[in-house]
Amino acid sequence: MKILKIDHLGIAVNSIEDGKKFWTDVLGLSFEGTETVAEQKVTTAFFPVGESEVELLESTAPDGPIARYIEKKGTGIQHVALRVENIEAALAELKEKGVQLIDQTPRHGAGGAKIAFLHPKATGGVLVELCQRD
Ligand code: ZN
């Protein structure tokens, strides 16, 4: 599997409107608007940082994965996303190695990316997202 870089860090927030102030007003990063991924009950906002990005995640529903995450662990870093060259090949390789996956096949993420999550049980407690952007 070819991992190209850390694509982004996903950070769970209660409100993008409030959460973005630190990243834009204090750090001076650019805010490029929000995108809602209905399927995952989440609204995302990306802030480019050099070759990577910070992604803020706000739940659109009380039973969404981000709302449940905040309920259990509070706000903060929720996942690390690695950009891979070929997500299908990466998932096949991980399956062969017996790595526990949340997504057996890629789904659609923000920005037209193909994404898949690995189970934190398989990674030492870190929710790892693979993503492929073409
Ligand atoms: Zn992400």
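Strand E2 and strand E3, the latter covering residues 42-49, are paired in the antiparallel sense, with 4 bridges between them. Please bear in mind throughout that we are looking at a predicted model.

The strands of a sheet pair through backbone hydrogen bonds, and the pairing may be parallel or antiparallel.

Let us follow this pair residue by residue. Thr34 has Ala45 of E3 as its bridge partner. Val37, in turn, has Val42 of E3 as its bridge partner. The hairpin of E2 and E3 has 4 residues between the strands, and there Lys41 adopts a positive phi near 50°.

The loop between E2 and E3 also holds Gln40. Is Gln40 buried or exposed? The cut-off for a buried residue is under 20% relative accessible area. Gln40 has a relative accessibility of 13%, and therefore counts as buried. Which residues does Gln40 touch, if we leave aside those up to four places away in sequence? They are Pro65, Arg107, His108, Ile115 and Phe117.

An open sheet is formed by 8 strands, in the order E2-E3-E4-E1-E5-E8-E7-E6, and its pairing is mixed. Strand E2, residues 34-37, and strand E6, residues 107-108, stand at the edges; each has a single partner strand, so one side of each has no neighbour in the sheet.

Let us next consider the protein as a whole. It contains 3 helices and 8 strands, and along the sequence they follow the pattern β-α-β-β-β-α-β-α-β-β-β. The radius of gyration is 15 Å, close to the 14 Å given by the globule rule for 134 residues, so the protein is as compact as a globular protein of that length. The C-alpha trace spans about 45 × 30 × 25 Å along its principal axes.

How much of the protein counts as buried? Of its 134 residues, the figure is 42%. If we take contacts between residues at least 6 apart in sequence, 54% of them join residues at least 24 apart.

Finally, we come to surface and charge. The accessible surface amounts to about 7300 Å², and 52% of it belongs to carbon and sulfur atoms. There are 15 positive and 20 negative side chains, and the centres of these two sets lie 5 Å apart.

Thank you for your attention.

Conventions. Residues are numbered from 1 along each chain as its sequence is written. This is a predicted model: local features need pLDDT of at least 70, side-chain atom pairs count only at pLDDT 80 or more; totals for chains, interfaces and linings use all residues. Side-chain values use heavy atoms; hydrogens and water are left out. Helices (H or I, at least four residues) and strands (E, at least two) are DSSP runs, numbered from the N terminus. The radius of gyration is taken over C-alpha atoms; the globule rule is 2.2 Å times the number of residues to the power 0.38. Buried means under 20% relative accessible area, exposed over 50%, partly exposed in between (1.4 Å probe, protein chains only). Contact means heavy atoms within 4.5 Å. Accessible areas come from the Shrake-Rupley method with a 1.4 Å probe; for residues, only the protein chains shown count as cover. Lys and Arg count as positive and Asp and Glu as negative; His and the chain ends are not counted. The place of a charge is taken as NZ of Lys, CZ of Arg, CG of Asp or CD of Glu. Two strands pair if DSSP finds at least two bridges between them.
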